[in-house]
Amino acid sequence: MYLVEDKGGAIALMLASLFFLGTWPAVLTMLERRGRLPQHTYLDYSITNLLAAVLIALTFGQLGDSKPGKPNFFTQLAQDNLPSVLFAMAGGIVLSLGNLATQYAWAYVGLSVTEIISSSMCVVIGTTMNYFLDDKINRAEILFPGVGCFLVAACLGSVVHSSNAADNKKKLAASTTNYKINSYEENGSNVANGDLENGPGSSQKVGKAKAGTAEYLIQLEKQRSIKVFGKNMFLGLVIVFFAGVCFSLFSPAFNLATNDQWHTLKDGVPHLVVYTAFFYFSISCFVIGIGLNLWFLYHPVLGLEKSSFGAYLNDWNGRQWAMLAGFLCGFGNGFQFMGGQAAGYAAADAVQALPLVSTFWGVVLFGEYRKSSKRTYILLFSMLSMFVVAVAVLMASAGHRKS
């Protein structure tokens with residue numbers, strides 16, 4: 001079994017996790033903006049998300065011989081460790097609910113703000129819990145100022161969303177074109193030279209409209225699967241905060257699964273190694289993700305189209321992207337947990353700076369914040385700057401777990 005035993009290796013895993021976890025939301029956002037139903041996308045995503053955990057367990061979890069107190073993956077499957085398994089599966093359940101909620105929140109408040117608020121909540125609540133569960137191996141005088149920076153970033157994220165929504169409302173009100181939501185002609189939504197959302201070509205356009213214009217917003221609304229015009233944007237923030245609470249709980253649950261701080265295992269039973277815990281964690285993620293989205297096929301929410309399992313099987317448009325997102329998320333979570341086991345889960349929560357990556361993709365690929373007001377740009381810059389500081393501080397607090 002391969003174990004990360006040094007601080008440098010743990011930080012390298014956190015940085016890789018940061019990139020993966022910041023990229024997969026952009027891939028799912030792209031598919032929603034293309035018009036693919038979120039239910040179809042999440043079913044594909046769930047399959048490869050589980051497959052990533054299986055691959056990690058069969059490789060890293062089986063490399064070399066077992067070590068004292070740290071059995072290999074297959075050896076541990078037969079052990080009497082049900083309490084730790086349940087903690088791992090509980091973490092998978094809340095993460096799956098959080099990921100599912102953010103898939104709808106992205107449409108309402110945008111990729112950047114969704115990730116900012118939910119990730120900041122995860123750090124403020126989850127990191128504090130992990131600090132005490134990890135027997136305070138992280139330096140409190142460094143860790144908690146970093147947590148404070150995440151909290152400030154979350155507040156700024158809410159203000160950025162409000163400012164950008166006001167900008168978009170002004171753009172639509174001032175539009176002098178003939179674009180109307182209810183009368184927009186079908187051929188107007190066909191994309192000749194689209195972006196990554198629609199195919200090869202410029203990332204500046206949906207149809208012929210430039211990103212950031214009222215026409216762009218209307219064409220995007222016509223094309224996407226989740227319609228948001230005329231909807232209460234407060235609903236989007238409610239969904240985001242629900243996701244944030246879920247994200248706050250998954251890492252502490254995984255921490256309890258691997259370190260048994262509450263002494264739920266019988267004497268002599270080894271703690272779950274990170275690979276076995278991640279396997280059970282991902283199984284519960286898979287079950288919840290598949291179960292809920294099969295239900296949503298026939299009982300859609302938020303005004304989505306009704307679908308069926310047969311329609312899902314025949315929907316190959318964008319399936320490869322959804323499966324890529326599942327792999328990215330699976331390996332991102334796995335690397336986060338591997339780094340957390342070595343350097344402390346509180347420090348590993350630095351990967352919740354994933355909005356830095358998501359915002360990059362949101363601006364470059366989806367035209368978020370194009371042609372916004374100066375006030376919105378200043379708030380956005382302040383929010384991202386606070387995230388950079390928060391990440392640096394949390395990583396600086398990394399400790400070393402005693403064997």
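Q: What should I know about the numbering and the model first?
A: Residues are numbered from 1 along each chain as its sequence is written. The model is predicted, so local features need pLDDT of at least 70 and side-chain atom pairs count only at pLDDT 80 or more, while totals for chains, interfaces and linings use all residues; side-chain values use heavy atoms, with hydrogens and water left out.

Q: How do α6 and α7 pack, and at what angle?
A: Helices are DSSP runs (H or I, at least four residues), numbered from the N terminus. Axes are lines fitted to C-alpha atoms, for helices over the stretch in contact, and angles run from 0 to 180 degrees between N-to-C directions. Here, α6 (residues 140-174) meets α7 (residues 214-223) at about 100°, with the axes 8 Å apart. An angle of 65 to 115 degrees counts as roughly perpendicular, and therefore that's the label for α6 and α7.

Q: Which residues make that contact?
A: Contact means heavy atoms within 4.5 Å. On α6 you'll find N168, K171 and L172, and on α7 there are A214, L217 and I218.

Q: Which residues touch the most other members of the largest nonpolar core?
A: A nonpolar core is a set of buried Ala, Val, Leu, Ile, Met, Phe, Trp, Tyr and Cys residues joined through side-chain atoms within 4.5 Å. Buried means under 20% relative accessible area, exposed over 50%, and partly exposed in between (1.4 Å probe, protein chains only). In this core of 92 residues, look for W24, F150, F250 and F281. Helix α4 (residues 82-109) gives the largest share, twelve residues. Take W24: beyond its neighbours within four places in sequence, its contacts are Y45, N99, W106, A325, L328 and C329. Another core, of five residues, lies apart, and L217 is one of its members.

Q: Is S307 buried or exposed?
A: S307 is buried, because its relative accessibility is 11%. You'll find S307 in the loop between α9 (274-298) and α10 (309-314). A polar contact is a pair of N or O atoms within 3.5 Å; within protein, one must be able to donate a hydrogen and the other to accept it, and residues adjacent in sequence count only if both atoms are side-chain atoms. The S307 side chain has one with the side chain of H40, at 2.8 Å.

Q: What is the phi of H263, and where does H263 lie?
A: Phi of H263 is near 55°, a positive value in a residue other than glycine. H263 lies in the loop between α8 (233-259) and α9, and is exposed at 67% relative accessible area.

Conventions. Helix = DSSP H or I, 4+ residues; strand = E, 2+ residues; numbered from the N terminus. Parallel < 35°, antiparallel > 145°, perpendicular 65-115°, else oblique.
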